[in-house]
Amino acid sequence: MKATILGIILTVVISIFGNVVANGDLPKREERKSKGVTTFISAKWEATPIVLELAEYLSAESSDLFWSYFDGIISLKSSLESLETDKQVYDACIGVASTLLAPAQLRMAKLALSMHLTSPAVRMFDQIATQNGAKELPCETFVAIASRKVCDNDILRDILKSTVKFDPEEHRIETYLLDHSYPSSDNRSLTAILYGELGNSDFSAKHKILSGYADKGVINYVVRWNIKSRGKPKLRLSGYGIELQLKSTEYKSQDDTTPKETVDDAGVPSEEEDENDPQNQIDGFNFGRLKNLFPALRTPLERFRRHLSEMSEEIEPLKVWQMQALSMQAAAAVMDAHDAGGDEALKVLISLAQNFPMQTKSLIHVNVPRSFRDEVLYNQDVWSSSLGLRPAEPLLLVSGAQYDADEVDLMALLAALREDIGPMNTLHALGLNRKLINKLLSLELGESFTWEEYGLDIRDTAITWLNDLETDDRYRRWPSSYMELLRPTYPGMLRNLRRNIYNYVIVIDPTSPSSAPPLKLGETLLKHATPVRVGLVLAPGRDSALGTALRSAFNYVAQERNSNKEAFYFLTQVLNSLQEDALSVDHIKKYLKKYASSSANLDEIISEESEFNFGHQLAEEFVSKLGTNKFPQVIVNGVPLYDEGSGALSSVELLEEALVTALSRHTARLQRAVFRGNLADSDDAVEYLMKQPHIVSRLNRRVLASEPSQYLDLSGVSSSRDLFSEDKIHRLLHLTGRDALATALPIFKYFTKPGKSEKITQTLWIAGDLNKKESRELLRNALTFMRESGGIRVAFIPNVDGSGEDQSFNKVVLAALTSLEPAEATKYVVQLLEDEGCHERKDCEILPELVPALNKYEWVLKASRVLCARSLKLRGSERAVIHNARVIGPFNKGESFSLEDFALLERYSNQVYGDKLSELLHQNKKLSNNVLDDDDDITDISTDNYLKVISVLASRSPRVRTPLPSGLRTDHSVIELPPLYEDEAAVEIVAVVDPASAAAQRLAPLLLVLRRVVNCRLQLFLNPQDKNSDMPLKSFYRYVLEPELQFNSAGVQTGGAIARFSRLPHAPLLSLELRTPPNWLVECVKSVYDLDNIRLADVESLVHRLGHYYY
């Protein structure tokens, strides 16, 4: 019986198959061969040498790394030009870089080489060389010096020996900030630029000649690239995406919301199959007819239909009810793959997302566990309530910083990762555990305000207030409630509020004609009853006699008329009446006569000994807090209006516009404070304004205008301490700046505060020459500040210019630091510095125990000078303050750094990083005392390590960190992948994605590459849509990115990254689109087919596209 049925089935199958072939419905064999689409993008320039790309990459990290790599390439036993294959050159370059970079940084460098990120920089230098006539010379390596281009080394030596004959200004060569200047070069000397290609023997020979003279300070040595044309193909790029979209007309769905039952419990069909359903017609088989003819074989026939459907390269139309759960089913398939371990879940996610239209026919059979679905829906509620994240919406967090997951800016992400990996490895090298490192890196450190937003406390008796909105009768009818600020009004219009919320302070030199515009505006504000309180400060002027006369006259009028406002009107009359005449004493007396009584002696009133000559000292102290000696100055609620070339203080109109803009900003802040309940009617307006964190005791641009580049790099490799000895000091010249600093750091000697020892949180280095009075004053202020504050240590770094002066004072301080106890050395040196006259008289008291050591420190002065030049970038005798690795300086001649400036520096540093860092370390220590796991091996951080932690964290660009919401469940819907390298620090990456979304297409391949490049701990939260009303994803996608360069078996570098689409459907109409970084400009230069209308059924074998990148 079974044999009979089987025979019938075979007969029917053969009959149907024959009929289909006869009717021509079955595709021909040659039409079913695999077809695909390939795309790549090339730059318009030739491929640049690997050695130069890597050099530019390291230059972006630091100039020290660049020159260390430079020296390493030159020191290779075999020059790069002698190596036979690309792979050998690549291995040699990576071998040199591996001695300078941590493993994670090296992998990032390999990725950068794969993407050719620095090739434009190499190309730029080559273009500069071309513009300077490099291609017209008979040699490829030459030196531009003394208005000549020199190829011969002997001629070069002759020129260098006679550099004194050449005037640097006459033979000046233009240099750029991007140029690679040799570390010991002196920019004031004759410039020599070496053009060539690193790794060539001739280039190395010329470098050795030039570097020797640069070390002597004879020349300013600069390196630029000049690339020899090799006839290589155009540079192949990567780091972009290619999308093949299905035309919107291609998807058909049947309106069948209720799924049909195929077989009941007894195995009997509930209804007949539709023989005309396209889903039942596959490869010539009509499974609808077969199932109707042989109902008992429905199950094996259905299995066979599914197999043929999944093997087919065509898209199978889906019913509406089959589309509803596609997102959930895709997420469940990814989660099932996670059980296989490794990165299998990521690979499945990539396969599903990038080929989603072809995967749907298998996804519709995936079962979604109830526990998985419940957890996904629960987490979606948590995401929505905490971060406003909707179902299917993506999220990407890297070390807590949030990035756009829909359109990932790869360049910005890699730049941020480079900025994180270096500090992370430095912290890891200090012995900190992973949890503490991640907490430290997630801190939001950085300035809360820019330099222009900081303000000065205006509760100062030096300010003469001309009106008071809260007490003057003129404003008594105005409302006094702060709620008035929330009342709608026209833009730019000020509320008439009887509160001193707007304060306009004018700081002027009364003898200067430029004081007129601020005074005129102040007069307008007073006369028109504007809701602004006006104040005045008469700063000490250039002409002290005229300034004294005008100040005395102002004070006299104020007392005589009992009105500061009348005195202000007198001042404006005097200055406005000048026209083009200069201010004189007679002019002042002329207008003073109108306000003085007939018996008053005008000469006595305005004389220097007058009883009205007061306020000079107060004004001088207030002006010193402003941090400038340029007048006039306008202060709005304590914040100066900076006239950075805009001319805002030069005319009344421009000043009024600037004032209205500033008051609008202050209004918005006050409105927020009222709305949030931070400002109540019981609060005093001025007291509230002056308690804001941007109000400081004094303004100092050097302190408040911080930049990450101001922080020293303390992550260098420490060499032997023996280098800081008399016989080996010359070897210091061969160290980079950061390596020299790392070597010197453990042997620094510090002044400390007498008394009980305390935890050090601030390290001060004072660089200067104590032969100079300004340097002695700077060191004295630092030591006084240390004694008056807590948790501070001070080191002195002599920076002498070697001019042959007597250096006994510098030697005495060094001897005191090394021979005496720190507290005793502090006391002794402070006494020396306070006795200022002893240095001029040369009779300072030298302790007997210090005398034998004085002659031993000549070499220390030389070593310190090398350190100042290489690491601190200071010229001889220049002064600087280095506070917690932040360089403040060099100071200009006559510029002081007072005790108040040290106090401001302390407050600023605590506000930027100190308080947050101390709180975190305190909490971490407290937690470690309670619970200790395998990753909590906590030890107290030493003072030097604490200094390194600060230099690492404070030098990073500030970024907003987004913490993960609490309460998320991770049992059934979260993929957690541990770091691949257990002995390295790990970056925390959190991704939230729907596998059936465009974001998954872009994000999944990037995450897989980052797993190989960056040692990361990845948490992947699946966030699928619960129900879909349509196909969730209608495109194919490829991301072009490789973790490192590829070479063939012969050692030749392959052509480069390319996007390949295979097993694509032949029938639908496809449209190709590029997803490149936003700053790329790409055009198609080669394609036979219309890329907006690709139908593979009409193509012989392959659709290829070549694009060119412009910059």
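## Burial of C139

At 15% relative accessibility, C139 counts as buried, a class defined by a relative accessible area under 20%, with exposed meaning over 50% and partly exposed lying in between (1.4 Å probe, protein chains only). The model is predicted: local features need pLDDT of at least 70, side-chain atom pairs count only at pLDDT 80 or more, and totals for chains, interfaces and linings use all residues. Residues are numbered from 1 along each chain as its sequence is written, and side-chain values use heavy atoms, with hydrogens and water left out.

## The disulfide

C139 is joined to C151 by a disulfide with an S to S distance of 1.8 Å; the term denotes a pair of cysteine sulfur atoms within 2.5 Å. By this rule the structure has one disulfide. The link of C139 and C151 is left-handed, with -55° about the S-S bond.

C139 sits in the loop between helix 6 (119-131) and strand 2 (142-145), and C151 in the loop between strand 3 (148-150) and helix 7 (153-161), so the bond ties together parts that are 12 residues apart in sequence. Helices (H or I, at least four residues) and strands (E, at least two) are DSSP runs, numbered from the N terminus.

## Other cysteines

C868 is buried, with a relative accessible area of 0%. C1084, at 37%, is partly exposed.

## Helix 14

Helix 14 spans residues 356-363, and seven of its eight residues are buried, so this helix is largely enclosed by the rest of the structure. The buried residues are F356, P357, M358, Q359, T360, K361 and L363.
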